[in-house]
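Keep in mind that the model is predicted.

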Amino acid sequence: MTVIRGEDLIDSVADALQFISYYHPIDFVKAVHEAYEREESQAAKDSMAQILINSKMCAEGKRPLCQDTGIVTVFLKVGMNVQWETDQSVVDLVNEGVRRAYKLPENVLRASILADPAGARKNTKDNTPAVIHMEIVPGDTVEVHVAAKGGGSENKSKLAMLNPSDSIVEWVKKTVPTMGAGWCPPGMLGIGIGGTAEKAMVMAKESLMEPIDIHELKERGPQNRLEELRLEIFEAVNDLGIGAQGLGGLTTVLDVKIMDYPTHAASLPVAMIPNCAATRHAHFVLDGNGPADLAPPSLDDWPDIAWEVGESVRRVNLNEITPEDVKSWEPGETVLLNGKMLTGRDAAHKKMIEMLKNGEQLPVDLNGRFIYYVGPVDPVRDEAVGPAGPTTSTRMDKFTHTMLAKTGLLGMIGKAERGATAIEAIKEFGAVYLMAVGGAAYLVSKAIQKAEVVAFPELGMEAIYEFDVVDMPVTVAVDSKGTSVHITGPAEWKAKIEAQVLEVK
């Protein structure tokens, strides 16, 4: 019989969540670096450079890799010979660990969890509760996998109840392009096959806890059908040309993980969940000898990457920008933003739309301004703001026409592509959409010299801030004429990859 103190589980969960907030798994760092080295698309290469630079900065500064510090998922395998020394439930112990991790003063993590999801959607303030999966197994230890999953990638999860005769590879090839770039590729795909609908989804999530090893698999060759499927899906998805941040390129996924389970003769459930460029997970085992000890990686494990913006880069002053200036910006062009911008996400947009509908005056003047879709982490030490990377822009698409028509808003900054409705509005009003790199939140925050809440303070991280920025790097993703690099880039690289395949044949 192994006796495990409840406090040891609490401490271990808290330490693991802090650990993964600023340390990428080293297998992920190496996989991104390998993809960076072989990438031929300059836009994708620049994005991966920022991701790698951000990763090392976070490891050095012990600050979050992404402003979205995630919803916590925990997988526990509790040995049947384990006895707990506590008067709390295991679920309560895990949630106390989450609470302590997210409120740690030295590295406060953003609390994103909302209670009453179909109603008031009120923030719980400490990122609890976690999503917990527990299994009782033979043995005398407690094995724990802890992950923090960002909303942008979680929102792209897919489930299909296929016919037994359907092709899983073809379903994945058809489905991945519908996910857009809001999951911040390059990352991993976790796939669950079989069981029932809910079993497939849990397996897809659990498979993402495994290390990246696709290249080792390619070298030794597959030994069973699941390994064959991994390779087939890996090649098929990368051949789509979606690339880093959806800008077009050779690498969309770094690995494909699959778990399966027996299923009904009439069924073929298939679930797919992506992991983003802020992949965060850790594994530890409790054996009764105190809390887990997670050894930090060596900073030598990170490559030395220099991201150069080039002499031809366009520097702009947001305090003086005009609609005529914006019309000269080209799709795919790198722009360095200087001056004052506003921020606003889903909740702020919803409130502003309601105010406009009711004829009320907005608390901020948006005429000629740029708005950044972000919910930053609270600052620590001498920071103006904590990590402040972009959120998925398509969530704001339904507000875009009204915002451009009623407020004089000139530009928007966010992550990934815009949908057809937003692109049409951008074209109609001669506005512009700029893309910041998802997965480079700490790097982006270094461009923010001052941050002040100017409206809706009750919304917490979704309040409207005014940022004062210096040389904040962005890409022109939709120009004033409605050309989207998230459409042109992947199409170009898909054609290039197909041509290369034909040459080899």
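Helix H4 covers residues 90-102, and Val91 lies in it. Is Val91 buried, partly exposed or exposed? Its relative accessibility comes out at 34%, so Val91 counts as partly exposed.

Now for the rings. Searching the whole structure turns up 5 aromatic pairs. Two of them are set out here:

| Pair | Distance between ring centres | Angle between planes | Class |
|---|---|---|---|
| Trp329 and Phe370 | 6.2 Å | 40° | tilted |
| Tyr465 and Phe467 | 5.8 Å | 50° | tilted |

The Trp329 and Phe370 pair ties together distant parts of the chain, 41 residues apart. Trp329 sits in the loop between helix H10 (323-327) and strand S14 (334-343), while Phe370 belongs to strand S15 (residues 370-372). Both Trp329 and Phe370 are buried.

What about the burial of Tyr465 and Phe467? Buried means under 20% relative accessible area, so Tyr465 qualifies at 12%, and Phe467 does too at 0%.

Elsewhere, Phe19, Tyr22 and Tyr23 make up one aromatic cluster.

Rings also meet charges here. Lys351 places its charged end over the ring of Phe456, 5.2 Å from the ring centre. Over the ring of Trp493 you'll find the charged end of Lys496, 4.1 Å from the centre.

Methods:
Residues numbered from 1 in each chain as written. Predicted model: local features only at pLDDT ≥ 70, side-chain atom pairs only at ≥ 80, totals over all residues. Heavy atoms only, no water. Helix = DSSP H or I, 4+ residues; strand = E, 2+ residues; numbered from the N terminus. Buried < 20%, exposed > 50% of the residue type's maximum accessible area, 1.4 Å probe, protein only. Phe/Tyr/Trp six-rings, centres within 6.5 Å; stacked < 30°, edge-to-face > 60°. Lys NZ or Arg CZ within 6 Å of the ring centre and 35° of its normal.
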